[in-house]
Amino acid sequence: MGNLMKQAQKMQADMARVQDELKEERVEASVGGGAVKVVMSGDMRVVSVTIDPSAVDPDDIAMLQDLAAAAFNEALRMAQELASQKMSAVTGGLGGALPGMM
């Protein structure tokens with residue numbers, strides 16, 4: 001029982017380390033041929049948003065809104081995938097089976 005507890009504590013410490021590392025990781029999503037770029041950290045925070053001035057058309061705001069939504073969604077997907085990969089390396093795929101561990 002003691003050995004199992006030590007393994008669980010080590011896994012928890014490793015997961016905390018990975019969560020800290022994710023704060024420094026970056027993913028970048030670009031849509032519309034680079035018209036809108038979103039950089040997001042591995043802990044799901046938006047770091048920056050870049051909009052090419054050529055993408056700004058006052059007569060077509062809906063297009064810019066669609067591009068922004070697509071860039072945010074893609075950046076979020078990429079950050080979630082990055083976090084999942086890094087956590088899986090620590091948990092061996094048990095992350096989802098251990099409630100409260102992620």
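Buried means under 20% relative accessible area, exposed over 50%, and partly exposed in between, using a 1.4 Å probe and protein chains only. By that rule five of the six residues of strand E2 (residues 36–41) are buried, so E2 is largely enclosed by the rest of the structure. The model is predicted: local features need pLDDT of at least 70, side-chain atom pairs count only at pLDDT 80 or more, and totals for chains, interfaces and linings use all residues. Residues are numbered from 1 along each chain as its sequence is written, and side-chain values use heavy atoms, with hydrogens and water left out.

**Strand pairing**
- Strands (E, at least two residues) and helices (H or I, at least four) are DSSP runs, numbered from the N terminus.
- Two strands pair if DSSP finds at least two bridges between them.
- E1 (residues 26–31) pairs with E2 in the antiparallel sense over six bridges. Ala-29 stands opposite Val-38 in E2.
- E2 and E3 run antiparallel, joined by five bridges. Val-36 faces Ile-51 in E3 as its opposite residue.

**Turns**
- Four residues lie between E1 and E2 in their hairpin, where Gly-32 has a positive phi of about 65 degrees.
- The hairpin of E2 and E3 also has four residues between the strands, and Met-44 takes a positive phi near 70 degrees.

**Surface patch**
- Val-46, Val-49, Ile-51, Val-56 and Phe-72 form a nonpolar surface patch with about 370 Å² of accessible area together.
- Strand E3 (residues 46–51) gives the most to this patch, with three residues.
- Val-56 sits in the loop between E3 and helix H2 (61–91). Val-56 is partly exposed, at 44% relative accessible area.
- Patch residues have over 30% relative accessible area and no salt bridge; nonpolar side chains (Val, Leu, Ile, Met, Phe, Trp, Tyr) are joined within 5 Å, like charges within 9 Å.
- A salt bridge is a side-chain nitrogen of Lys or Arg within 4 Å of a carboxyl oxygen of Asp or Glu.
- Accessible areas come from the Shrake-Rupley method with a 1.4 Å probe; for residues, only the protein chains shown count as cover.
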